Structure formats: structure tokens, C-alpha cells
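Visitor: I am new to this structure and would like to be walked through it slowly. Could we look at it together, one question at a time?

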Amino acid sequence: NTILAFTRNVIGSMDYLPAALSDAKYPHQTTNAHELALTVVFESGIVHFPDSATAYNDLPAAALTLLKGVPVAWDDSRLLDGEPGRLAIIARRRGTQWWVGAINGQAEAATVALDLSFLGEGEWTLTMIRDGGAPRHLLSESATVSGLDRFNVPMLPRGGFLMRFTRP
């Protein structure tokens with residue numbers, strides 16, 4: 001996935017099924033937070049959610065609410081950090097909201113120091129879903145941040161996070 005962000009998806013939309021959560025047929029190597037982050041990391045003209053309604057309804061309420069709000073079209077896209085095969089952090093804006101998806105492509109845990117300068121001036125409300133203590137666990141967090149902040153976010157091996165920034 002961290003390679004696709006720099007190759008197949010670099011110049012336009014691609015057909016990809018993000019947010020596959022079930023391990024029913026093929027166990028995932030990625031965490032649920034990684035899968036949710038793909039909804040922003042990858043840009044697709046038509047976003048298909050490939051799992052069962054049960055898989056999505058079993059998500060924590062905060063994760064399901066955030067997932068329901070992910071736009072299908074973007075006004076601006078920026079690479080915040082990354083290296084093919086290791087890490088991809090993409091920020092996308094729709095209207096006045098910013099979304100950030102980050103995925104760890106390594107078999108080791110990682111912590112990223114996310115520079116929020118892309119937000120510009122003023123305060124923002126951050127809502128985030130990130131890796132919990134195990135691959136299928138999710139944590140939700142919220143905070144008030146500004147473009148002057150750096151935000152440290154831990155990721156499990158092949159983990160990730162999904163963020164939304166709105167004006168208070």
C-alpha cells in the first residue's frame with residue numbers, strides 16, 4: 001500500500017477497495033486503522049467499501065462516524081511525508097475540512113511527528129482514529145490544534161491513522 005501511493009495513485013484516481021476489515025477468508029497483514037486510512041491515502045473517483053455491513057457496524061461509533069464523513073472528491077491533495085515501502089502520509093482538503101491518512105508499511109511499529117503547518121493559521125478541531133493495542137483495536141482521540149503544532153502519532157506494524165480537521 002505504501003508503494004501504491006507513490007506509483008499507481010500518484011497522477012490520478014485508481015480503482016481500489018479501501019477499508020476491508022474482515023479476516024473471514026484471508027487474514028489481513030494490516031491493522032484496521034491502516035485500512036480506514038486508505039480511504040484518504042488512496043484517491044478514487046468512486047469509493048467502494050468492500051466489506052459486510054456487519055463489519056462496519058461493529059466499528060466503534062467514533063470510527064464509523066468518521067468513515068461516513070470521508071469525502072469522495074477532493075479540492076487539494078498534499079504529500080506530508082513518505083517513502084515507498086515504508087510510510088505514506090497524505091493530506092486532502094474538501095471545502096474547509098482537512099483529512100489526513102497515514103499508513104506504516106513496515107513490520108515494525110513507528111511513531112510519526114506530523115507537522116500541521118498545512119492547516120495555516122487559527123485553531124482546528126482534530127478527530128482521529130488510530131491503532132489501539134492490537135491490530136483490530138481502534139482508539140479515538142480529539143484535540144484542539146493549530147498549524148504551529150507537531151502531533152506525535154504511534155502506529156503498530158503495518159498500522160495507520162485517519163484524521164479530520166474542522167474549524168471549531
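Guide: Gladly, and please keep in mind that this is a predicted model.

Visitor: In which strand is Met128 found, and is Met128 buried or exposed?
Guide: A residue counts as buried when its relative accessible area is under 20%. Met128 has a relative accessibility of 1%, so it falls under that cut-off and is buried. As for its place in the chain, Met128 belongs to strand β5.

Visitor: Which strands stand at the edges of the open sheet?
Guide: The sheet is formed by 6 strands in the order β1-β2-β3-β8-β5-β6, with antiparallel pairing. A strand at an edge has a single partner, so one side of it is left without a neighbour in the sheet, and this is the case for β1 (76-83) and β6 (138-146). From one strand to the next, the twist of this sheet averages 15°. The edge strands asked for are β1 and β6.

Visitor: Which residue in β8 stands opposite Val100?
Guide: Strand β3, residues 97-104, and strand β8, residues 160-166, run antiparallel and are joined by 6 bridges. Within β8, the residue that stands opposite Val100 is Met163.

Visitor: At about what angle to β3 does helix α1 run?
Guide: Helix α1, residues 32-41, lies across β2 (87-94), β3, β5 (123-131), β6 and β8. Helix α3, residues 61-69, also packs on the sheet, where it touches β3, β5, β6 and β8 and makes about 115° with the direction of β5. For helix α1 and β3, the angle is about 130°.

Visitor: How many Å separate the backbone oxygen of Arg158 from a polar atom of the side chain of His34?
Guide: His34 is found in helix α1 and is buried, with a relative accessible area of 2%. Arg158 is found in the loop between β7 (150-155) and β8, and it is partly exposed at 29%, with a positive phi of about 55° although it is not a glycine. Among the residues that His34 touches are Asn104, Asp131 and Arg158. The backbone oxygen of Arg158 and the polar side-chain atom of His34 lie apart by 3.2 Å.

Visitor: How many Å apart in space are Thr2 and Phe42, C-alpha to C-alpha?
Guide: Thr2 has its place in the segment before α1, and it counts as buried at 5% relative accessibility. Not counting residues up to four places away in sequence, Thr2 touches several residues, including Pro84, Leu87 and Ile103. In sequence Thr2 and Phe42 are 40 residues apart, while in space the C-alpha to C-alpha distance is 9.9 Å.

Visitor: What percentage of the residues in the protein is buried?
Guide: The accessible surface of the protein comes to about 8200 Å², and 51% of that surface belongs to carbon and sulfur atoms. Turning to contacts between residues at least 6 apart in sequence, 67% join residues at least 24 apart. Of the 168 residues in the protein, the buried share is 44%.

Terms used:
Residues are numbered from 1 along each chain as its sequence is written. This is a predicted model: local features need pLDDT of at least 70, side-chain atom pairs count only at pLDDT 80 or more; totals for chains, interfaces and linings use all residues. Side-chain values use heavy atoms; hydrogens and water are left out. Two strands pair if DSSP finds at least two bridges between them. Helices (H or I, at least four residues) and strands (E, at least two) are DSSP runs, numbered from the N terminus. Axes are lines fitted to C-alpha atoms, for helices over the stretch in contact, and angles run from 0 to 180 degrees between N-to-C directions. Contact means heavy atoms within 4.5 Å. Buried means under 20% relative accessible area, exposed over 50%, partly exposed in between (1.4 Å probe, protein chains only). Accessible areas come from the Shrake-Rupley method with a 1.4 Å probe; for residues, only the protein chains shown count as cover. A polar contact is a pair of N or O atoms within 3.5 Å; within protein, one must be able to donate a hydrogen and the other to accept it, and residues adjacent in sequence count only if both atoms are side-chain atoms.
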